[in-house]
There are 2 protein chains.
Amino acid sequence: MDTWDAIRARRNVRAFSDRPIAGEDLHLILEAGRRAPSARNTQPWDFVVVAERARLVQLAGVWQGAGHIAHSAATIAIVAPNATDPRQVGLIQFDLGQASMVMAIAAADLGIGSGHAAVADQDLARSLLGFPDTHHLAFLLALGYPADRPLVPLKRMDRRSFEDVVHRERW
Amino acid sequence: MDTWDAIRARRNVRAFSDRPIAGEDLHLILEAGRRAPSARNTQPWDFVVVAERARLVQLAGVWQGAGHIAHSAATIAIVAPNATDPRQVGLIQFDLGQASMVMAIAAADLGIGSGHAAVADQDLARSLLGFPDTHHLAFLLALGYPADRPLVPLKRMDRRSFEDVVHRERW
């Protein structure tokens, strides 16, 4: 797909069809995330790919808004190193956002929808995913073909207007 | 450009040619950022586009690592609302990372390089950009055509290996 089409076709998908994601497509999505930029190239992420249904159903319990994880074709669990310094925490979060976004765009390019979830229950997450105490589950990115309609470039989205968001030279 | 090529062509660019960025290309890059997803669709960003040379030179003073801003064809100043709750701060940073990444990909698709800078001197940033006290300058995204060589899909990057980053079902 053309890049501009993929960017405009990406939307938040939380209802997925039963169609599985081909292994090579999942690989491309993860490879896109692996290539993401980060502060001083620290690459503060590990990706745990979950595709077993039983585990997805349990993983949906880590946050009240994560119900869609249970029905995803696969979910990428974005695990990050713990940090206490607020500046460091902020940089890591920014970099996780970068990695997440490029994976969502790579997915959209393949017609695959994506939908984020936050995480509240770190103990449940750790018991399911087995990451070390030095890390936490930062976000989940659910993937799957949309249940409703294919991804196509959206003419308009529910966003603030261009004129409201963009300033020239000064606010 | 094909999406996968644009994703692989994006690299950190900090030395820019004198070639200006066409207005419609800058518009596309900003439009990509405007469409980015965010927690509860809060869209916690304003983009101040700086292209006047004198202002770019001054803006480069907001951080010791921001020297490349002075020589950029244009820089997008990503301004965000202040927040004190650590969870809220983290969500905003994540969303800014998403907006920044999609703008970098949209730029790469047009052959335009991008390079981040952090911000230390908020007072200088505010005096130059005029954003209100309720906001801060979170990041800068410098844009321009690369001085060294055009953007082409990179075969390999300085990153952790796929096998190191990606885990299956469990860490």
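Q: How should I read the salt bridge that Asp148(A) forms, and what is its partner?
A: Happy to start there! This is a predicted model, so take the distances as computed from it. A salt bridge is a Lys or Arg side-chain nitrogen within 4 Å of a carboxyl oxygen of Asp or Glu. Here the partner of Asp148(A) is Arg11(A), with the closest N and O atoms 3.4 Å apart.

Q: Which parts of chain A does that pair tie together?
A: Look at where each residue sits. Asp148(A) is in the loop between strand 4 and helix 6 (162-165) of chain A, while Arg11(A) is in the loop between helix 1 (3-9) and helix 2, so the pair links parts that lie 137 residues apart in sequence.

Q: How many salt bridges are there over all chains, and how many between chain B and chain A?
A: Over all chains the count is 20. Between chain B and chain A it is four. In one salt bridge, the side chains of Arg160(B) and Asp46(A) meet at 3.1 Å, N to O.

Q: What area do chain B and chain A bury between them?
A: The general idea is that interface size is often given as the accessible area lost when the parts come together. For these two chains the figure is about 6,500 Å², and 58% of it is on carbon and sulfur atoms. Arg35(B), Glu169(B) and Trp171(B) supply 15% of what chain B buries against chain A, more than any other three residues.

Q: How many residues are in contact, and how many residue pairs make polar contacts?
A: In this interface, 72 residues of chain B touch 72 residues of chain A. There are 53 residue pairs in polar contact between the chains, counting those with both residues at pLDDT 80 or more. Helix 4 of chain B gives the most to the side of chain B that touches chain A, with 14 residues. By class, that side of chain B has 37 nonpolar, 15 polar and 20 charged residues.

Q: What does His116(B) touch?
A: His116(B) lies in strand 3 (residues 113-117) of chain B. Its side chain makes a polar contact with the side chain of Gln98(A) at 3.1 Å. Beyond its neighbours within four places in sequence, the contacts of His116(B) include Pro37(A) and Phe94(A) from chain A, and His68(B) and Leu140(B) from chain B.

Q: Where does strand 5 of chain A pair?
A: Strand 5 (residues 166-168) of chain A pairs with strand 1 of chain B in the parallel sense, over three bridges. There, Val166(A) has Phe47(B) as its bridge partner.

Note on methods. Residues are numbered from 1 along each chain as its sequence is written. Chains are lettered from A and ligands numbered from 1 in the order in which they are written. This is a predicted model: local features need pLDDT of at least 70, side-chain atom pairs count only at pLDDT 80 or more; totals for chains, interfaces and linings use all residues. Side-chain values use heavy atoms; hydrogens and water are left out. Contact means heavy atoms within 4.5 Å. Buried area is the accessible area (1.4 Å probe) that two parts lose on being put together, summed over both. A polar contact is a pair of N or O atoms within 3.5 Å; within protein, one must be able to donate a hydrogen and the other to accept it, and residues adjacent in sequence count only if both atoms are side-chain atoms. Helices (H or I, at least four residues) and strands (E, at least two) are DSSP runs, numbered from the N terminus. Ala, Val, Leu, Ile, Met, Phe, Trp, Tyr, Cys and Pro count as nonpolar, Asp, Glu, Lys and Arg as charged, and the others, Gly among them, as polar. Two strands pair if DSSP finds at least two bridges between them.
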